[in-house]
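User: I am new to this structure and would like to be walked through it with questions and answers.

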Amino acid sequence: MDCDQKALECLYDPLSFEQGVPLDELAELRRDAALIRVEEHTLPQWPGGEGFWLVLRHAECMQVLKNASVYSSHLGGTQLRDPATPDDLAYVQKMMLNMDPPEHTRLRRLLINAFTSKAVAQLETQIEHHAKSIIDRVIDGRVQGECDFVKDIASDMPLLCLADIFGLPQEDRYLMFDWANRVIGYQDPDYKSSSAFDRDRGSDIAREALKRRPEPDEQGNMPDPRTRGGMEDLYAYAHLLAEYKRRQPGDDVVSILLAQVDDEAGRVSIEEFENMFWLFAVAGNETLRNGIPGGMIALLEHPQAWRAIQAQPELVPGAVEEMLRWWTPVMVFRRTASCDTELAGSRIGAGDKVVVSFLSANYDERVFSNPMDFDIRREPNDHLSFGYGPHFCLGAQLAVAQMRAIFGELARRFESIEATAPPRYLRSNFQRGVKSLPIRWRARAKGA
Ligand code: HEM
């Protein structure tokens, strides 16, 4: 299919995502083809590249994601943007997200074993507790008020949950807020040099790590966060945390992970742990900070769904699945073809960049009837928001638990929620991010 390549820039130009996502364009393209070839022009916020295949339909996305021997996560990493240098590529390749079996399988198994059912049950109990305390803090004894849903409600939940997973003092969680902003918001002036962490609070480990925080240059730009040098403070923190947990293990997931012995290759090395820490601090954080407001936007635009979950809390789990589909917090992931192959009739060459669009797959009319509708009773709801195949999201269960807890609590505690200004979106072609969502709320009368 011949496409107007200028018109396709909206599929990858980070600036255009500040205005919203190209759902109509994707629907039109998906109607005619399962995948398209996209040139990568150099744009003010995009370095350009050799171009990529964009996979648009649900079945073909699954085909790519499940077949790691043909569609590699390792060869070129998993980001749409190519690593700038061979060293940068070698650096990201050390992360499990960017590995193929069998290296990937070993690390993934160690991590899965660390999430014991006891540890997960404990985390889920904590999640319920965090949801209540976040809403208590917002209501603060008042009948009505205004707040920023992103800052005051959504962003703290994943940080608190990560602090529990890592077994670290809660005050240190704002370091993870800053790190995730730097990595995911590297193109956004509001996020790229985030520094919310209060130097006077937090643990000794945090203070030690802060000494390694890179400084912005004269234009306010931080070093590239997808290099080790760009995240020295994170690595210093992870290193000190691992040493501490090995000396004084707790009952948190990280202590369990670091104590494990793997038959084939010994236990997790400190270097492997540092890279896992990076992945969790970013993957377990920004995704929910965007997914929770995305769910709220869906409810604001569909008041009947909000009223339904208020009246029937048992609808919350289905509503959360539909929020994940409708919003799709992570829009794309990349693979690289390891050999010449064919997908839906298109010839793909060895080394080609193949990008799966979760956003497009989640609106594929072949799988979801009336995909533009937000239907909290949709059944089945086989969205791909957590990916598919060997890299399926390791935090999916915890992510769903956090969303259920927050929306359950919101529906229980608030009579009404309305937007007071339009949301502001993140400048990113990777995460469907919400930077602010100002709301006015009215609490339910006690006992109502
Ligand atoms: C709504 C929230 C979330 C979304 C939409 C999401 C999405 C995803 C997706 C699409 C992948 C697959 C990547 C690929 O195929 O290359 C993934 C992987 C991953 N996610 Fe999540 N995620 C979320 C929350 C979390 C949380 C809370 C954690 C940790 C606590 C987490 C940890 C991970 C890890 C470690 C991987 C890598 C798995 C691997 O390489 O085997 N995610 N996530």
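This is a predicted model: local features need pLDDT of at least 70, side-chain atom pairs count only at pLDDT 80 or more; totals for chains, interfaces and linings use all residues.

Analyst: Residues are numbered from 1 along each chain as its sequence is written.

User: How many helices and strands does the protein chain have?

Analyst: Helices (H or I, at least four residues) and strands (E, at least two) are DSSP runs, numbered from the N terminus. Counted in this way, the secondary structure of the protein chain comes to 17 helices and 12 strands.

User: What radius of gyration does the protein chain have, beside that of a compact globule?

Analyst: The C-alpha atoms fill a box of roughly 60 × 55 × 50 Å along the principal axes. The radius of gyration is taken over C-alpha atoms, and the globule rule is 2.2 Å times the number of residues to the power 0.38. For 448 residues this rule puts a compact globule near 22 Å, and the protein chain agrees, with 22 Å.

User: What percentage of the residues of the protein chain count as buried?

Analyst: A residue is buried if 20 or more other C-beta atoms lie within 10 Å of its own, exposed if 12 or fewer, and partly exposed in between, with C-beta atoms placed from the backbone. Of the 448 residues of the protein chain, the share that counts as buried is 45%.

User: Which residues have the most contacts inside the largest nonpolar core?

Analyst: A nonpolar core is a set of buried Ala, Val, Leu, Ile, Met, Phe, Trp, Tyr and Cys residues joined through C-beta atoms within 7 Å. The largest nonpolar core has 90 residues, and H17 gives the most to this core, with 9 residues. A second, separate core of 36 residues includes Phe 52, Leu 54, Ala 337 and Val 354. In the largest core, the residues with the most contacts are Trp 179, Ala 281 and Phe 407.

User: With which residues is Phe 407 in contact, leaving aside its neighbours within four places in sequence?

Analyst: Two residues are in contact if their C-beta atoms, placed from the backbone, lie within 7 Å. Phe 407 is one of the buried residues of H17, and what covers the buried residues of this helix includes H13, helix H14 (303-311) and helix H15 (316-327). Leaving aside those sequence neighbours, Phe 407 is in contact with Gly 295, Ile 309, Val 316, Ala 319 and Val 320.

User: How many of the residues of H12 are buried?

Analyst: The buried residues of H12 include Phe 273, Trp 278 and Ala 281. What covers the buried residues includes helix H4 (103-114), helix H8 (173-184) and helix H10 (232-247). H12 is mostly covered, and the number buried is 10 of its 14 residues.

User: Which residues are closest to the ligand?

Analyst: A residue is near a molecule if its C-beta atom, placed from the backbone, lies within 6 Å of it. The elements that give two or more residues to the shell are helix H12 (270-283), helix H13 (286-301) and helix H17 (396-413). Of the 25 residues that surround the ligand, the closest are Gly 284, Thr 287, Gly 387, Cys 393 and Gly 395.

User: Is Ser 155 buried or exposed?

Analyst: Ser 155 lies in the loop between helix H6 (149-154) and H7. Leaving aside neighbours within four places in sequence, Ser 155 is in contact with Val 150, Phe 177 and Arg 289. Because 25 other C-beta atoms lie within 10 Å, Ser 155 is buried.

User: What is the omega of the cis peptide bond that joins Glu 379 and Pro 380?

Analyst: Most residues other than glycine have a negative phi, and most peptide bonds are trans. Pro 380 is placed in the loop between helix H16 (358-361) and H17. The bond from Glu 379 to Pro 380 is cis, with an omega of about -5°.

User: Is Asn 370 buried or exposed?

Analyst: Asn 370 has a positive phi of about 40° although it is not a glycine, and this residue lies in the loop between H16 and H17. With 9 other C-beta atoms within 10 Å, Asn 370 is exposed.
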